[in-house]
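Hi there,

Here is the structure I promised to pass on to you. Have a look at it first, and then read my notes below.

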Amino acid sequence: MEEALSCIGRMPIFNGIEEEELYTLIKCCDGQMAMFENDQWIFQAGEDLGYIMVVLKGRLVVVQEDFWHQQKEMIYMPGAIFGENYGSAGNKTLPVSIKAAEKSEVLFLDYKRSLTFCTMACPFHSMMVHNLISIMSTNKGRAEEKLEHISQKTTRDKLRSYLSCRALQEGSGSFDIPYNRQELADYLGVDRSAMSSELGKMKADGILEFKKNHFTLKRY
């Protein structure tokens, strides 16, 4: 149990909470840990989700399918949370499916009990809720930032928007991005080949230099 609590304590949602307080907090939130094998489905679209899921180990993939059965996927790594936007009583039905992308361990916290304080009003429970709100706010900001990039008209404009944003965030025109080529194309919603071709043209135009995921932007 101590090893499990040590792993749980490293998750961002539990920042500032002492290890000896975690057992009481998880019990208060009716927390349950579960292991899933590679490609094992955890929830299917249309099912109700009354939990906040915390990825402890492995990777989860969230699959969204449209009317024509075209799928989009998003990967959740250790430390990520899922369900904070679907766990409320008015919006429990999942529009997506969730499965393990590899052998994974997940902590399930009852949504209502996580956000409802007991009579003791433990300060570490308040800290978890504070962390959760902070994570949700950060995720909302990232979603708005992504919308700004993908709303640009052309592939070049999308790349310029994203790379400029990264440079401003890093405070330097030379920086690494957290994506490989396919992941960057997926993030921007563009074809990988077309994006790679456009990067080559931008390099030829003297706008930037790049090697793998390292970029250097040039003023012109």
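Let's start with Glu198, which is buried, with a relative accessible area of 14%. Please keep in mind that this is a predicted model. You will find Glu198 in helix α7, which covers residues 192-204. Leaving out residues up to four places away in sequence, Glu198 touches Thr155, Arg156 and Leu159.

Which residue meets the side chain of Glu198 in a salt bridge? The partner is Arg156, at 2.6 Å from N to O. This pair links distant parts of the chain, since Glu198 sits in helix α7 and Arg156 in helix α5 (residues 155-170), 42 residues apart. Arg156 has a relative accessibility of 22%, so it counts as partly exposed; the cut-off for buried is under 20%.

There are other pairs to look at, as a search of the whole structure finds 9 salt bridges. One of them joins the side chains of Glu105 and Lys57, at 3.9 Å from N to O. Here, too, distant parts of the chain are linked: Glu105 is in strand β8 and Lys57 is in strand β3, 48 residues apart. Is Glu105 buried or exposed? Its relative accessibility is 13%, so Glu105 counts as buried, whereas Lys57 is partly exposed at 40%.

Another salt bridge brings together the side chains of Glu170 and Arg166, at 3.3 Å from N to O. Both residues lie in helix α5, 4 residues apart, which is about one turn of the helix. Glu170 is partly exposed, with a relative accessible area of 45%, while Arg166 is buried, at 16%. Salt bridges with shared partners also join Arg156, Glu198 and Asp205 into one network.

Now for the nonpolar side of things. In soluble globular proteins, nonpolar side chains tend to be buried together. In this model, the largest nonpolar core has 23 residues, and Ile13, Phe14, Val54, Leu107, Leu109 and Met128 have the most contacts inside it. Elements that give two or more residues to this core are α1 (2-9), α2 (19-28), β3 (51-57), β8 (104-110) and α4 (123-150). Of these, α4 gives the most, with 4 residues.

A second, separate core has 17 residues, among them Leu159, Ile177, Ala185 and Met195. Leu159 is also one of the residues that Glu198 touches.

Best wishes

Note on methods. Residues are numbered from 1 along each chain as its sequence is written. This is a predicted model: local features need pLDDT of at least 70, side-chain atom pairs count only at pLDDT 80 or more; totals for chains, interfaces and linings use all residues. Side-chain values use heavy atoms; hydrogens and water are left out. Contact means heavy atoms within 4.5 Å. A nonpolar core is a set of buried Ala, Val, Leu, Ile, Met, Phe, Trp, Tyr and Cys residues joined through side-chain atoms within 4.5 Å. Buried means under 20% relative accessible area, exposed over 50%, partly exposed in between (1.4 Å probe, protein chains only). A salt bridge is a side-chain nitrogen of Lys or Arg within 4 Å of a carboxyl oxygen of Asp or Glu.
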